[in-house]
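Please look through the structure shown below.

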Amino acid sequence: MSITSPFKSIFFILFFSVNTFAQDTYQALLIDSDLKKNANAIIRSSHTEITIDARDKLITKQQRVVTVLNKYGQKHEGAYVYYDDSKSIKTLEAVIYDAFGKEVKKYKKRDFLDLSVADGVSIFNDNRAKRIDYTPSAYPYTIVFNLETVSTNTAFLPQWYPIEGYHVSTEHSSVKIINNSEIQLSFKETNLEDFKIEKPSEFYYEAKNISALSNEAYSPSFTQIVPSVKFALKQFSMESVAGENTDWNEFGKWINDKLIAGTQDLPETVKLEILNLTADAKTPLDKAKIVYNYMQNKTRYISVQIGIGGWKPMLASDVDRLGYGDCKGLSNYTKALLDVVGVQSYYTIVYGDSDIRDIDATFSSLQGNHAILSIPDNDSYITLECTSQTVPFGYNANFTDDRDVLIVTPTGGQIVHTKAYETNENSQVTNATVNLDNSGSIIAEINIKSKGTQYSKYRKLEAQTEKENILDYKDNFDGINNIQITNLLFNNNKDNIEFEEQIALNAKNYAKKVGNRLLFEPNLFNKSKNIPPKYANRKLPFKINRGFIDTDQYTIILPENLKIEALQEDVTIKNKFGSYQFSITKNNENTLVYNRKLIINKGDFSKEDYKAYRLFRAEVAKHDASKIVLQTI
């Protein structure tokens with residue numbers, strides 16, 4: 001049979017026992033068409049068996065077969081293993097087959113690349129990883145992977161996700177835990193019924209024939225919608241350090257006592273320095289701001305990988321001496337400084353990402369990928385991002401905002417919620433004066449003030465060169481042809497957390513000349529171009545993580561020989577997704593005032609609501625592109 005496409009072919013799969021790994025065990029199977037649909041890769045089989053022999057002995061065996069259909073599926077090969085001093089690799093091998101079942105390449109343990117994987121952002125990164133180095137010459141291909149490890153670290157039991165990502169289908173996946181210890185094993189099942197996950201016995205789960213999910217716009221976090229099972233031992237060991245985990249309070253107490261305690265001593269000279277700097281501060285919050293500024297000016301963020309499983313921060317004295325640290329070290333160092341000046345703060349574990357993901361309040365275990373600091377403030381908390389040298393005090397938008405996190409106190413752990421930026425806080429206010437001439441050319445001065453989640457644009461604009469910023473503005477104002485940016489000025493008000501942009505520009509022939517008329521689009525600087533994609537049959541609910549409000553007012557000055565022939569009617573749209581309104585009024589014969597306000601509300605919505613939301617955004621885009629007619633006298 002000639003194979004011309006991954007969607008018109010017979011693929012091959014290996015069936016093998018734990019100790020058998022040979023080409024002669026393959027047999028041809030036709031992949032179901034439903035599994036190929038929208039898929040970049042197919043998990044033919046993924047079987048994980050975890051044996052807990054003792055508090056400090058964990059044996060993991062994995063046999064995995066993946067057919068990669070195209071270049072986008074290559075990242076789902078899964079032929080890698082993380083390891084450190086607590087984990088030894090007993091078996092590690094892989095075989096790659098082409099579409100006809102012919103062996104292309106075989107990897108033994110010695111053939112795997114050995115790499116450092118610490119990045120300094122995540123709380124947990126194993127010290128090293130082994131992975132294959134394979135560049136395919138053709139698609140599809142199938143990779144067979146066999147792994148066995150033995151670890152003394154039982155703090156990290158694998159979570160089972162039978163769907164491994166968008167555009168990945170699953171033919172067969174299973175996980176089985178054999179608990180030979182006398183320690184209680186807790187677990188949490190999520191979304192199993194929706195995907196017909198089978199449970200043949202206790203701690204044994206199977207998934208079969210799950211078609212690939214497409215990544216639809218505005219989908220909730222992937223972990224919220226797919227099936228999963230979490231596991232955790234009530235008593236565990238992390239590099240010979242015993243831990244207890246009956247609830248978040250006890251787990252947090254263990255982190256405080258075993259990971260944080262004894263790491264916060266500072267040199268006496270540093271203590272005197274920070275006490276002198278804060279001597280005139282009137283409130284604890286004033287002291288905290290001085291300490292935060294001190295930390296930002298003295299340290300930088302850099303990859304560090306030391307301590308118990310990558311969770312224990314480096315010593316605060318070492319951070320001070322070296323002037324660098326990762327998220328753990330810098331957060332712990334800042335806490336140590338705050339302790340000196342008598343300001344309470346808590347080391348905090350969080351899932352840091354632009355997507356909003358909570359620490360699971362109902363299931364205590366090692367979770368999170370980032371460390372921050374939390375300062376009690378009445379009934380809430382001020383979040384300090386200690387890895388940035390530029391972020392304002394207490395600003396956490398777009399990375400650690402609006403989610404459940406674990407704060408670590410001397411008496412135990414607590415789940416608290418970080419600041420959620422409300423819609424009216426996430427504002428962008430644009431004012432502009434636009435002079436139009438007879439030829440349709442414009443000269444404009446623009447002032448933009450951004451707050452809340454929209455303030456975060458400062459990161460990019462302040463880091464870029466002027467040339468890069470000019471290119472960005474030309475892209476943002478892409479409805480203006482022949483644009484020339486003549487001046488840029490930024491003002492970053494960190495105290496008020498407001499970013500101001502002042503832009504001067506000109507453009508020839510912006511308005512289109514038609515006979516003795518000019519067609520002029522009054523929304524020059526903030527056209528909504530975000531029309532969500534259309535789905536014939538949307539599968540997933542949709543979520544707007546962060547709302548915002550844009551307010552625009554442009555004063556448009558006309559030459560004396562142009563008169564207004566036609567203006568649009570005012571527009572007002574209001575629904576559960578937000579609202580939109582614009583108006584154009586005539587101040588006098590030669591001045592128009594354009595007013596626009598767009599509000600998008602945050603919220604969780606059903607898949608049935610998506611069509612209405614898309615139509616709303618399409619209406620906004622249509623009105624934003626509307627024109628007025630000017631006539632030459």
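Student: Which residues of helix 5 meet helix 7?

Tutor: Contact here means heavy atoms within 4.5 Å, and helices (H or I, at least four residues) and strands (E, at least two) are DSSP runs, numbered from the N terminus. On the side of helix 7, the residues met are Tyr333, Thr334, Leu337 and Leu338. Those of helix 5 are Ala288, Val291, Tyr294, Met295 and Lys298.

Student: On what kind of model does this rest?

Tutor: This is a predicted model, in which local features need pLDDT of at least 70, side-chain atom pairs count only at pLDDT 80 or more, and totals for chains, interfaces and linings use all residues. Residues are numbered from 1 along each chain as its sequence is written, and side-chain values use heavy atoms, with hydrogens and water left out.

Student: Are helix 5 and helix 7 parallel, antiparallel, perpendicular or oblique to each other?

Tutor: Axes are lines fitted to C-alpha atoms, for helices over the stretch in contact, and angles run from 0 to 180 degrees between N-to-C directions. Helix 5 (residues 284-298) and helix 7 (residues 327-340) pack at about 140 degrees, with axes 10 Å apart. Angles under 35 degrees count as roughly parallel, over 145 as roughly antiparallel, 65 to 115 as roughly perpendicular and the rest as oblique. The two helices, helix 5 and helix 7, are therefore oblique.

Student: Which residues of helix 9 are exposed on the face turned away from its buried side?

Tutor: Buried means under 20% relative accessible area, exposed over 50%, and partly exposed in between (1.4 Å probe, protein chains only). In helix 9 (residues 466-476), the buried residues are Asn469, Ile470, Asp472 and Tyr473. These fall within an arc of 160 degrees seen down the axis of helix 9, so they line one face, the arc being that of the directions from the helix axis to the C-beta atoms. The face turned away from the buried side carries Lys467 and Leu471.

Student: Which residue forms a cis peptide bond with Tyr139?

Tutor: The omega angle of this bond is about -5 degrees.

Student: Is Asn38 buried, exposed or partly exposed?

Tutor: Asn38 lies in the loop between helix 1 (33-36) and strand 3 (41-54). Its phi is near 60 degrees, a positive value in a residue other than glycine. With a relative accessible area of 41%, Asn38 is partly exposed.
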